[in-house]
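Here is a short briefing for a reader new to this structure. Look through the model first, then take the topics one by one.

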Amino acid sequence: MPTSQRLVLDRRGSMVWGAESHRGHYAVKVGYPIEATAEWPAQPWTALAPAREGAVLHRLGFVDFAYGEWEGGTWNFQPWHEGPDLYQLWEPCRRQSSSIEPHISVALGCTEALAELHAKGWAHGDVQPAHFIIGPERTQLIDLALARGGSVPEGYDFPFRGCLVHYEAPEIARSVLDTGEAEPTPEADVYALGASLLISATGWRAVEYPDDAPRPVQREAVAAGRRRPVKASGELGKLIDAMLSHAPEDRPTVYEVGKALNCL
């Protein structure tokens with residue numbers, strides 16, 4: 001029984017609360033299916049996402065969480081992670097005429113969080129700035145509903161059909177365009193990490209397309225590699241450019257990214 005609660009997210013197919021109880025501070029997620037509209041097709045997978053994330057947390061060895069079903073879909077709760085996300089933290093870097101440089105230690109913390117997941121044999125599949133929570137002691141990588149690397153209960157599983165296109169690697173975008181599905185990989189996660197660092201530091205996404213373009217148009221631009229002529233400054237910018245290489249084999253691994261950041 002929560003002693004207090006506040007709604008922190010309410011979007012198509014998902015709601016999240018921050019809840020306090022005698023157990024501590026938790027994030028409570030509820031998923032439900034998205035009905036079809038004139039602009040959007042139906043999305044039944046959103047109802048399964050909280051339980052699928054719970055199953056992934058179980059596979060990864062976490063213990064302080066729970067998940068299950070409700071009449072409209074599935075739910076989970078897990079510990080709340082305090083702190084700003086990457087995009088929020090680097091807001092001063094994006095101000096016009098700002099002389100504030102992105103902290104390498106923050107980029108390293110995000111890289112280490114992703115490396116920890118890769119070391120366990122999993123790819124995240126939905127790396128974006130909002131999913132890195134910069135805590136006082138360490139950075140947490142959250143929202144694991146789309147992660148791939150081990151089995152999850154069949155009743156909660158669903159195909160990976162891409163993520164937020166700003167952070168999709170070209171090969172992911174091409175696969176979704178061609179087949180409707182894709183397979184998350186560590187190489188695609190590295191691309192998404194580079195795109196996350198770039199937009200958080202500069203305010204510009206990696207690939208150029210109209211802001212209001214439909215998703216297929218966005219994905220065509222990503223798959224074609226239409227990079228913007230935007231760079232983060234200094235050695236960090238060179239590293240991000242390598243992470244955003246069009247071919248997966250040309251990108252550094254997350255461990256090589258961490259090693260490079262440690263040297264800056």
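A crossing is left-handed if the near helix is turned anticlockwise from the far one by less than a right angle, and right-handed if clockwise. The model is predicted.

**Helix 3 and helix 5**

- Helix 3 passes helix 5 in a right-handed crossing.
- On the helix 3 side, the contact is made by Ala107, Cys110, Thr111, Leu114 and His118. Helix 5 answers with Pro186, Asp189, Leu193 and Leu197.
- Six residues of this contact are nonpolar, two are polar and one is charged.
- The angle between helix 3 and helix 5 (residues 186-202) is about 165°, and their axes lie 11 Å apart.
- Angles over 145 degrees count as roughly antiparallel, so helix 3 and helix 5 are roughly antiparallel to each other.

**Helix 4 and helix 6**

- Helix 4 (residues 170-179) packs with helix 6 (residues 215-223) at an angle of about 135°. Their axes are 8 Å apart.
- Helix 4 and helix 6 are therefore oblique to each other.
- The crossing of helix 4 past helix 6 is left-handed.
- Helix 4 brings Pro170, Ala173, Arg174, Val176 and Leu177 to the contact. They meet Pro216, Arg219, Glu220, Val222 and Ala223 of helix 6.
- Seven nonpolar and three charged residues take part in the contact of helix 4 with helix 6, and no polar ones.

**Helix 7 and helix 8**

- Helix 7 (residues 234-243) and helix 8 (residues 254-263) pack at about 175°, with axes 11 Å apart.
- Helix 7 and helix 8 are therefore roughly antiparallel to each other.
- Leu236, Leu239 and Met243 of helix 7 meet Val257, Ala260 and Leu261 of helix 8.
- The contact of helix 7 with helix 8 has six nonpolar residues, with no polar and no charged ones.

**The second largest pocket**

- The volume of the second largest pocket is about 410 Å³.
- Its lining has 20 residues. Closest to the centre are Phe62, His81, Gln140, Leu141 and Leu144.
- Which element gives the most to the lining of the second largest pocket? Helix 3 does, with three residues.
- By class, this lining has eleven nonpolar, three polar and six charged residues.

**The largest cavity**

- How many cavities of 30 Å³ or more are there? The count comes to one.
- The largest cavity holds about 70 Å³ of space.
- It is lined by 14 residues. Gly125, Cys163, Ile172, Ala188 and Asp189 lie nearest its centre.
- Helix 5 gives the largest share of this lining, three residues.
- Nine of the lining residues of the largest cavity are nonpolar, two are polar and three are charged.

**A loop residue**

- Asp143 sits in the loop between strand 7 and helix 4.
- Its phi is near 60°. That is a positive value in a residue other than glycine.

How values were computed
Residues are numbered from 1 along each chain as its sequence is written. This is a predicted model: local features need pLDDT of at least 70, side-chain atom pairs count only at pLDDT 80 or more; totals for chains, interfaces and linings use all residues. Side-chain values use heavy atoms; hydrogens and water are left out. On a 1 Å grid over the protein atoms alone, a cavity is a set of points where a 1.4 Å probe fits but cannot get out, and a pocket is an open set with protein on both sides within 12 Å along at least five of seven lines; lining residues have an atom within 4 Å of a point. Grid points are joined across faces, edges and corners, and a volume is the space filled by probe spheres set on the points. Helices (H or I, at least four residues) and strands (E, at least two) are DSSP runs, numbered from the N terminus. Ala, Val, Leu, Ile, Met, Phe, Trp, Tyr, Cys and Pro count as nonpolar, Asp, Glu, Lys and Arg as charged, and the others, Gly among them, as polar. Axes are lines fitted to C-alpha atoms, for helices over the stretch in contact, and angles run from 0 to 180 degrees between N-to-C directions. Angles under 35 degrees count as roughly parallel, over 145 as roughly antiparallel, 65 to 115 as roughly perpendicular and the rest as oblique. Contact means heavy atoms within 4.5 Å.
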